[in-house]
Amino acid sequence: MNESLRGTVLLVDDDPAVAKVLGALLTQAGLTTHAARDGQEALALLASKPVDVVVSDVRMPGMDGLQVLAEVARGWPDVPVILLTAHGTVPLAVEAMKAGAADFVLKPFDREEILFTVRKALLRAQGEEARQQVRPSGGFIGRSRAMADVQAVLVKAAAGTATVLLRGESGTGKELAAKAVHDASPRRDGPFVKLHCAALPDTLLESELFGYEKGAFTGAATRKPGRVELAHGGTLFLDEVGDISPAVQVKLLRVIQERELERLGGTQTVKVDVRFVAATHQPLEERVKEGRFREDLFYRLNVVPVWIPALRERPDDIEPLALHFLEVHAKTNGRPPFTLMADGLAALRAQPWPGNVRQLQNFLERLVVLSDTQVLGGKEVLQELARQPGLAPAPFAAAPSVSALETPTAPVTDSARTLESQRKEMERQAMVDALKRAGDNRTLAARLLGISRRTLYNKLEEYGLL
């Protein structure tokens, strides 16, 4: 790998020699590194510094690598974790993947392999950040006829082995639907492996899907099973499958048809027993007509199509979803239970929620954290809506007054204040306000602002707030 990398990596290893060598390799590649000797120190660093990727040893005294993985997934779900192990086996990889690991590398590691793996994780993290995805809480919640019909189809589909294609807008819960199919199927005790296809370029996506043999390319220091092999006996969820290139489509078609593959750089055919569930928000029929998506692959994926309706099409689900998210986020943030009044519910139902359930969940988490009362009426909901561009009705949208700023400035004329200076002033104040409301917890402040931790740190540095 010749290109320079950008980002910050947290190394967690109780052996300082390993951390020193690995840190030097990553630094030479252009990355910033921090080192922790155990899990507790790693969590403290995560809470205080911007981190893009965690690389953790598996075997450590006290909190081991899988426990570190679980804590990172709970507190920093946007940060991928790579595990280092001298005991690397496919069963361990399956366990780690099921727990949410981005990848694993065997000790002693090869320089090019570790850089290749970190690059994949960085690209995947950037793809996830672009989606602004929040992990769903709980199972399907709702009382609308539309969602009842969806659940009925999913239950029927789960009993068989046919490929399921989940369609619908972003944020409607397609990943949750895929997990529901797996959990209700005879494969429920097998692995549920997921891959976001739009987050990686072709070369990396291919190696992620099919694996590779030692020496297949620069960085391939050992044989590595792909996601298809890791899902053997279980379910492989391919998110945003409509974004893959024609070259990868050909190979994916063969796997789905023949249930066999060849790793990159290999000649041996590997048989796999995998149930495929795919999802996309793309209009695949149009892509087929345009020649951008293979018609035969579309038919292979579209055996059991399931459309997840947008939230605006099922307003009856807003109340049970809102009550569920209020309960979950109150517990998570250490707040007492909340009561949603009728006018507060009416304000929520009046919104179009273009980001669907994901956007509603984000909004209610901010409401829980920022509210000064446990009784949420129309006033409280509208006040928070006014802070969210694209949500608040025009009459409620208002900019913060100068008196609310941390450092008031002398009055100036409208002509002297450029649009850019006003934007920066408001943006800086939004950072100050979010940090204050979050008790200086930067991870929480980023969530309140609807941005990634990396973006928050960049903005704090830009405005001299670090």
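User: Between which strand and which helix is the loop in which D38 is found?

Analyst: The model is predicted, so local features need pLDDT of at least 70 and side-chain atom pairs count only at pLDDT 80 or more, while totals for chains, interfaces and linings use all residues. Residues are numbered from 1 along each chain as its sequence is written, and side-chain values use heavy atoms, with hydrogens and water left out.

D38 is found in the loop between β2 (32-36) and α2 (39-48). Helices (H or I, at least four residues) and strands (E, at least two) are DSSP runs, numbered from the N terminus. With a relative accessible area of 31%, D38 is partly exposed; buried means under 20% relative accessible area, exposed over 50%, and partly exposed in between (1.4 Å probe, protein chains only). The accessible areas come from the Shrake-Rupley method with a 1.4 Å probe, and for residues only the protein chains shown count as cover.

Together with D14, D15 and E41, D38 forms a negative surface patch. Patches are made of residues with over 30% relative accessible area and no salt bridge, like charges being joined within 9 Å and nonpolar side chains (Val, Leu, Ile, Met, Phe, Trp, Tyr) within 5 Å. Asp and Glu count as negative and Lys and Arg as positive, whereas His and the chain ends are not counted. The place of a charge is taken as CG of Asp, CD of Glu, NZ of Lys or CZ of Arg.

Turning to paired charges, the whole structure holds 25 salt bridges, each a side-chain nitrogen of Lys or Arg within 4 Å of a carboxyl oxygen of Asp or Glu. One of them joins E206 and K251 (2.1 Å, N to O). This pair links distant parts of the chain, with E206 in helix α8 (residues 202-210) and K251 in helix α10 (residues 246-258), 45 residues apart. E206 is buried at 15% relative accessibility, whereas K251 is partly exposed at 38%.

Another salt bridge pairs E327 with K331 (3.4 Å, N to O). Because they are four residues apart in helix α13 (residues 318-332), about one helical turn separates E327 and K331. E327 is partly exposed at 45% relative accessible area, and K331 is exposed at 63%.

R366 and E384 also form a salt bridge, their closest N and O atoms being 3.9 Å apart. R366 lies in helix α15 (residues 356-370) and E384 in helix α16 (residues 378-386), so this pair ties together parts 18 residues apart in sequence. Both partners are buried: R366 has 8% relative accessibility and E384 1%.
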